[in-house]
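Visitor: I am new to protein models and would like to learn how the terms are applied. Could you show me one and take me through it?

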Amino acid sequence: MIHDGILFYNVEQLEESPLLPGLRLNRFPSEVRESLEGGGYERGRLVGRASTGCELRFVSESPCIRIGLSAVDQDGDLLVYRGDYFHSVIRLKPASSDSYN
């Protein structure tokens, strides 16, 4: 999926949040996640919203870029690559709606 010149790899849906700015990366569309309600499939709904394994791929000629990312539910690790080469790990802390007011 391409959005604003960025290839979102392993992302099926970009979802707006009523509480936080930006877009949430979903690995499964909301229709699929909602069909998993009840019957012991609650974990499937949570996993479908997780962004584990999602990638943002883009090319920039600028020597510096700025991207804003946050974790929603729990701490997360962001792995940064420059092409095929590993660059760094960034620890994301959960965001709260208070931090945006």
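Guide: Let us start with a term: a salt bridge is a side-chain nitrogen of Lys or Arg within 4 Å of a carboxyl oxygen of Asp or Glu. The structure holds three salt bridges. Please keep in mind that this is a predicted model, where local features need pLDDT of at least 70, side-chain atom pairs count only at pLDDT 80 or more, and totals for chains, interfaces and linings use all residues. Residues are numbered from 1 along each chain as its sequence is written, and side-chain values use heavy atoms, with hydrogens and water left out.

Visitor: What makes Arg57 and Glu55 a salt bridge?

Guide: Their closest N and O atoms are 2.7 Å apart. The limit is 4 Å, so the pair qualifies.

Visitor: Why is Arg57 called partly exposed?

Guide: Buried means under 20% relative accessible area, exposed means over 50%, and partly exposed is in between (1.4 Å probe, protein chains only). Arg57 has 37% relative accessibility, so it counts as partly exposed. Glu55, with a relative accessible area of 33%, is partly exposed as well.

Visitor: What do the side chains of Asp75 and Lys93 form?

Guide: They meet in a salt bridge, at 3.2 Å from N to O. Asp75 lies in the loop between β5 and β6 and Lys93 in the segment after β7, so the pair ties together parts that are 18 residues apart in sequence. Lys93 is exposed, with a relative accessible area of 52%, while Asp75 is partly exposed at 37%.

Visitor: And how do you know that Arg91 and Asp77 meet in a salt bridge?

Guide: The N to O distance is 3.0 Å. Arg91 lies in strand β7 and Asp77 in strand β6, so this pair ties together parts that are 14 residues apart in sequence. Asp77 counts as exposed, with 51% relative accessibility.

Visitor: What makes β6 and β7 a pair of strands?

Guide: Strands (E, at least two residues) and helices (H or I, at least four) are DSSP runs, numbered from the N terminus. Two strands pair if DSSP finds at least two bridges between them. Seven bridges join β6 to β7, so these antiparallel strands pair. One example is Tyr81, whose bridge partner in β7 is Phe86. The hairpin has two residues between the strands, and Gly83 in it takes a positive phi near 70 degrees.

Visitor: Why are β1 and β5 called edges?

Guide: An open sheet of three strands has the order β1-β2-β5, with antiparallel pairing. β1 and β5 each have a single partner strand, so one side of each is left without a neighbour in the sheet. Two bridges join β1 to β2, and Ile2 stands opposite Leu7 in β2.

Visitor: Where is Asp4, and is it buried or exposed?

Guide: Asp4 is in the loop between β1 (2–3) and β2 (6–9). Its relative accessibility is 70%, so Asp4 counts as exposed. Asp4 also has a positive phi of about 50 degrees although it is not a glycine.

Visitor: How confident is the predictor in the chain?

Guide: pLDDT is the predictor's confidence in each residue, from 0 to 100. The mean for the protein chain is 82, and 88% of its residues reach 70 or more. Over residues 97–101, though, pLDDT stays under 50. Where pLDDT is low, the predicted coordinates should not be read in detail.

How values were computed. Contact = heavy atoms within 4.5 Å.
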